[in-house]
Every structure is written in C-alpha cells, then in structure tokens.
Amino acid sequence: MDRDPSEDDSVADLSFEAESPVMPPDELLEGLPSYDWLLQGRGRRVFFPSLEVLGRSQEPASWSSVLEHSRVPVVTEEVAREALLSFVNSQCCYSSVAAGNLIIQELRQQTLCRYRLETFSESRVSEWTFQPVTNHSVDGPQRGASPRLWDMKVQMPPMFQEDTRKFQVPHSSLVKECHKCHGRGRYKCSGCHGAGMVRCSSCSGTKRKARQPRRCHMCSGSGRRRCSTCSGRGNKTCATCKGERKLEHFVQLVIMWKNSLFEFVSPNHLHCPRELLAKARGENLFRDENATVYPIVDFPLRDISLASQRGIEEHNTALASRARILQQRQTIELIPITEVHYWYQGKTSVYYIYGTDHQVYVADYPERYCCGCTIL
Ligand SMILES: [Zn+2]
Ligand SMILES: [Zn+2]
Ligand SMILES: [Zn+2]
C-alpha cells in the first residue's frame, strides 16, 4: 500500500530549513537597551580592562653572592661514562660495548643561563547562544541590567593552570519560539519528505526482483518500505529545541585562562642542539613571582637582563589589547652542559651531557641497531 505525502496532515505544512547560526535574528534582540554595548559589530566581542599598576618586585641586592652560592657540580670522566652507560642501557637498540670501551679524550664544560618568563592571563569574550526552554524560570532583563563582563565574579583556576569556562550572563535571557521548527517541536523528515515510506531499495520500487517472477520479499511487493530515518512517522523531533518548541537565548561569557612563555638561553660555544637546552633541568638561581614583574636590570650577563626586558615587553604588548595579566613569574636557571669528545675504533666523535640530572644526547652512537634488523 502506497502512502501519499499529502495524507499526512500533521506534518504536511512543515518547512525545511537549514540549521540557523548561533546568533538569533535581529528582530529578536531589538528593544533590549542593556545589550547595546554587546551587539556592536555582531558576533563575538572582546573586552579588556585597564591594567593596574602594582608594586615593584625585588631583585637580589648582589647578584655575585647569588652566583657564588650556586654550585653546579663538575662532570668528571667517570660521571661522563656512567651517564652514557645508563643512557645506552635505557635504549633498546644501543649496545653498551662501545660506551664501556670508548676513550674519553676531552670534556668541555659550560654553564648556561636560561631565562624564562611565564605570564598567566585571562581573556573574556561574550557570545549569544541558546538552549531549549525547560521548566526553570527565565532570568531576563526585567530582573535588572546585566553586569558588565569584567564585573562578573567567577572562581579562578589555580595560577598558571590553563582553563576555559563558560558562564551564563545574569538577566540576559529572552525566550523565543524555536526558529528551526517555528515552534512546532517537530519537523518533516528529510529522508521520506514526510511520507513515512521510501522506495524499496531492493527492487527499486518495481515490486519484483530483476529476472525473478516472484514479488520482492523485502517490501512484500509494495515497492515501498518504512523510512528508517523517522521510523515511519514522517516527522522528527526538532534537534534545535529538543521538541520543547521554545528557545532561551542568552549571553554567554567565555573565559580563557592561558599561559604565555618566553624563553632565552645564553649563547653556548658548544654545538649542542638548542632544543635540548629548553628541556634541560636547571638549577634555580632566581625566581620572582608577582601580579606584574619588572625587567631584571643588572644581572652580570647582559644578555639575560636584555632578555628579561624583551620578554616582559613582548608579553605586555601581545596581551594588553586582549587580556588581563593575572600573574607573572620570571626565573633564571643555570644549565650545565658538557661536550664529551671520545675516540672509538679509530674514530673521534662527541656526545653531550646536559642538565643537572645528566641527560645524554648522542647523535652518532657507534653501535646502534634497529630492533628489526639485528641478527641474533
Ligand atoms: Zn522519514
Ligand atoms: Zn521491494
Ligand atoms: Zn524547534
């Protein structure tokens, strides 16, 4: 039995519409003076407060005493070999024979300074969003004006812990008929155009299989089958309003807490790859944490003082227009690095020991095999 789409009176007049954008239509938002400041430019807007000037942090009275009290242990030949052996043993493809037998010819040591600036900032954007209206009461402008976005007090994550959270702005809600289903809660099924039945795919609607005299058993010879998209109902619950017919539009505050990192390592005379120096464990020499930190001015290494000025300026410039700086932390660490020159089976080469925990970097280890091709 065929069904005519026009027989399905409950859904025949439902229109098909594409999913609407998050922003509700203009007319919905008219006559709400408290949102004027929010709607300029449409869509997302960023708000930023003025920067507050806070107390200056203290640099040590004498850098030389700080430097004297810090001792980075010297790497001896024995330490250099042990570090290499423990590295080789931790790698499945390296043989420890070379590490035990190579001849260490020279140790070149250098202690580098690493400057780091971390800036923890908060930025806020507002956007319109909506949700299906459920039973809860709607907090609209009749209850008062919405607070300005930077006046909203929220629970902050711990300092330097990145996070993004969303909050509903008080008194910003308005309820409107669902724009997707025009308040019907359901709309016509696009799979069967509201008929509830579709052409049988097995017999392509011919009611019998090709070159077979008997009728198609998939559709019992009707040529049509129940629509699987709507289970034969011809309509579907509106996904936008979840069948609730009405939507609550409201302003959502999105807060992003982010860490920015600036890093500088003093130049090294060795040929150690720079990326090792960024991850190397260092000995902490100086640490300054405050709502705002100030450039280091008289550190014995001028490069570090300059890096501090540059880093603070870069972060302030990058963040000033779009975020509020909540906390800054600057540190100076000493990074020991040793270039080990060795001789093995007629060849000379180098490996590096870096960081206070003696990590090893070796570019061309003499006895290295791929797991897959080692012949046992
Ligand atoms: Zn359907
Ligand atoms: Zn069929
Ligand atoms: Zn709807």
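I take two strands as paired if DSSP finds at least two bridges between them. Helices (H or I, at least four residues) and strands (E, at least two) are DSSP runs, which I number from the N terminus.

**Conventions and confidence**

I note that residues are numbered from 1 along each chain as its sequence is written, with chains lettered from A and ligands numbered from 1 in the order in which they are written. This is a predicted model, and I kept local features only at pLDDT of at least 70 and side-chain atom pairs only at pLDDT 80 or more, while totals for chains, interfaces and linings use all residues.

I looked up pLDDT, the predictor's confidence in each residue from 0 to 100. The protein averages 80, and 78% of the residues score at least 70. Over residues 1-57 the pLDDT is below 50, yet this stretch has 80 contacts in the model beyond near neighbours in sequence. I count a contact if two C-beta atoms, placed from the backbone, lie within 7 Å. Where pLDDT is low, the predicted coordinates should not be read in detail.

**Strand β3**

I began with F167, which stands opposite L253 in β9. β3 and β9 pair in the antiparallel sense over six bridges. I then checked burial (buried: 20 or more other C-beta atoms within 10 Å of the residue's own; exposed: 12 or fewer; partly exposed: in between; C-beta atoms placed from the backbone). Of the six residues of β3, zero are buried, so the strand lies largely in the open.

T164 lies in β3, residues 163-168. Is T164 buried or exposed? I record T164 as exposed, because it has 11 C-beta neighbours inside 10 Å. T164 touches V254 and M256, leaving aside residues up to four places away in sequence. T164 and V254 are 90 residues apart in sequence, but their C-alpha atoms are 7.1 Å apart in space.

**Helix α7**

I find 19 residues in α7 and a reach of 27 Å from its first C-alpha to its last, close to the expected 27 Å; the expected span is 1.5 Å times one less than the number of residues. Its buried residues are I304, A307, S308, G311, I312 and H315. They lie on the same side of α7, because they cover an arc of only 125 degrees around the axis; the arc is that of the directions from the helix axis to the C-beta atoms. The buried residues of α7 pack against β2, β9 (246-265) and β11. On the face turned away from this buried side I located the exposed residues R302, E313 and T317.

**Core and hairpins**

Of its 29 residues, L84, I304, Y352, Y354 and V360 touch the most other members. Two or more residues come from each of α4 (77-89), β2 (103-132), α7 (302-320), β11 (324-344) and β12 (347-354). Which element gives the largest share of this core? I find it to be β11, with five residues.

β11 and β12 pair in the antiparallel sense over eight bridges, with S349 in β12 as the bridge partner of Y342. Their hairpin has two residues between the strands, and Q345 takes a positive phi near 50 degrees.

β12 also pairs with β13 (residues 359-361) in the antiparallel sense over three bridges, and Y352 has Y361 as its bridge partner in β13. This hairpin has four residues between the strands, and G355 in the turn has a positive phi of about 85 degrees. V360 touches A83, L84, F87, Y351, Y352 and I353, not counting residues up to four places away in sequence.

Notes: A nonpolar core is a set of buried Ala, Val, Leu, Ile, Met, Phe, Trp, Tyr and Cys residues joined through C-beta atoms within 7 Å.
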